[in-house]
Amino acid sequence: MHSSTSKRGVLPGFGITMGYSVLYISLVVLIPLSALLLNSTGLTWEKFWDVATDSRVLASYKVSFLTAAAAGLIDTVLGLLIAWVLVRYDFPGKNIFDAMIDLPFALPTAVAGVSLTAIYSANGWIGSLFEPLGIKIAFTPIGITLALMFIGIPFVVRTVQPVLQELDAEVEEAAATLGASRFRTFRSVVLPELLPPLLTGFALAFARGIGEYGSVVFISGNMPMKTEIAPLLIMSKLEQFDYAGATAVALILLFISFVLLLLINSLQRKVRKTAKE
Amino acid sequence: MKKVLKQGMVVSLVLAVSLVATACGDKSSATDAEGNGGKAKEITLLNVSYDPTRELYSEFNEVFAAHWEQKSGQKVKIRQSHGGSGKQGRAVIDGLDADVVTLALGYDIDAVQQAGLIHEGWQQKYDHNSSPYTSTIVFLVRKGNPKGIKDWDDLIKDGIEVITPNPQTSGGARWNYLAAWGYAMHQNNNDEVKAQEFVKELYENVPVLDSGARGATTTFVERGLGDVLLAWENEAWLSVEELGPDKFDIVYPSESIIAEPPVAVVDKNIDKKGTREVAEAYLEYLYSEEGQTIAAENYYRPTLDSVKSKFEGAFPEIKLFTIDEEFGGWAAVHEKHFRDGGIFTQIYAPK
């Protein structure tokens, strides 16, 4: 009797909660993903490889990954800045500003795409300012990056913000009394704490950017080999009722993203470890 | 611990099974209700169509409902579903319980047929390749036609920007592509190499390849991009009507393709639901005087002679070729042009 309670652990109910978790992960994630795998089994290995390494498909991976990475990086810097302002300063309308950060989550991506295109195209508000300088924004990779920045920014802000809030002001004050400059304090005291959430934010924004479809198709111009994103190629195969080909491209996309996210995660763990030491 | 874990798994398994069971239960009771629907006073039809037919069918449905009630005493309610043609076809394949499909391409209905939902030979079931109304591909240019665009040849000139969506993502855009191809074939004594060169040059003048027809229209109309929009005749007239005739002109090229948006009953669904009679009458009524008039008023070319003569002058006579005589049907077109590695993808192959 006694031994069974000691084996149970402090909190009861592990079994049933674990069961629930497994059930829901299966229903929501694993079953759809295995259906994806099943769909591509219509292809022979050779055909799969042909589809996945077609030059147009490769070019689209390049566009997708490069713009998502660029947008993720810019979002990381901008997101830190926004989170910093929101946590450290008080100003009128702060609540509204804070709530606005989440809007890109709520907005249907196609709406975002159409409005961004309207603004950044050659006769739009902002696009018309850049047009005389010979810089085209809409229908180029710059436009894609801007759209991905828009939908990725909340990820960074919302992961950095709570960590920044938890940060003890006393530690910074201690650094200051020890004679550290503001920059030194930031670099040696604040930044190490913020690196893990920044990396998480980057990874989330990056991952979202790779799979993004709705906001990008309008602003990208969809030119094959130049501004065509991988999700559009998947849609194009579906439009031709080529389920197997579509899932082949999707699987490769999923695989590369998974490897990249794994890398970012392990990097994050390393950073957290060194920060603790 | 292990034992507890196992218990949890069993609980979740039971939960899952009961979930599935209730879901199935719901479904069977739902079909029961629909089965009775055949005998009930009001029947419901679902017409799965593509984007630009929304206005056409909301008018037609009212007229048909009145006609059917008068004829059979039965009330019929028609639900509409619109979207990209290919997506709509896929939804029907995946189980959307459409009674009739009225899509932009025979290719999309072929796909539904191959999934076993429609009997073979559907395209011969009704007159004119089962296309009660047709359309064609025309040019929409800016008012006064500043670039002097008259025919397909003008589209490959330097400095002309052509707006057309990607034929691989947009069913409607395939008609644009095929119209250009057919023209080039006729100009070059059916020399395919020259035709391919022509189409390649044309697509090199396309600055933005939108994913769908509505997107292309937006690019041309709202963003002010491009000199000419390749569009369905009915879409072009609608744009002019909605955006003001002071902004755009329609140019008819010397020849073009007959775009045939076909219709078919979804045999498997109507047999299950017992709606065959009314579904077939619905499509047949599209060929009637009333149906044809509504189509013509929505800028689709009618196929019935009496209505044709009523709208004389509304649809300029140009030389038109069909997909069957020029290309040998959709299956051949897809194999040659739009599949991966086909001619359209070769246009963008890196040099």
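Here are my notes on the cavities, one entry at a time.

**Entry 1, the count.** I kept in mind that this is a predicted model. Rolling a probe the size of a water molecule over the atoms shows where empty space is left. With a cut-off of 30 Å³ or more, I got 2 cavities.

I looked up the volume of the largest cavity and found about 90 Å³. Its lining has 13 residues. Nearest the centre I noted Ala213(B), Thr217(B), Leu230(B), Ala231(B) and Trp232(B). Then I checked which elements give two or more residues to this lining: in chain B they are helix 6 (171-187), helix 8 (213-221), strand 6 (228-232) and helix 9 (233-243). Strand 6 of chain B has the largest share, with 4 residues. Sorting the lining by class, I got 8 nonpolar, 4 polar and 1 charged.

I wrote down its lining residues: Pro52(B), Glu55(B), Leu56(B), Asn234(B), Leu238(B), Asn298(B) and Tyr300(B). Helix 2 (54-72) and helix 9 of chain B are the elements that give two or more residues here. By class I have 4 nonpolar, 2 polar and 1 charged.

Which element of chain B turned up in both of my element lists? I went back over them, and helix 9 of chain B is there for the largest cavity and again for the second largest cavity.

Note on methods: Residues numbered from 1 in each chain as written. Chains lettered and ligands numbered in written order. Predicted model: local features only at pLDDT ≥ 70, side-chain atom pairs only at ≥ 80, totals over all residues. Heavy atoms only, no water. 1 Å grid on protein atoms, 1.4 Å probe; cavity = no way out; pocket = protein on both sides within 12 Å on 5 of 7 lines; lining within 4 Å. Points joined across faces, edges and corners; volume = space filled by probe spheres on them. Nonpolar A, V, L, I, M, F, W, Y, C, P; charged D, E, K, R; others polar.
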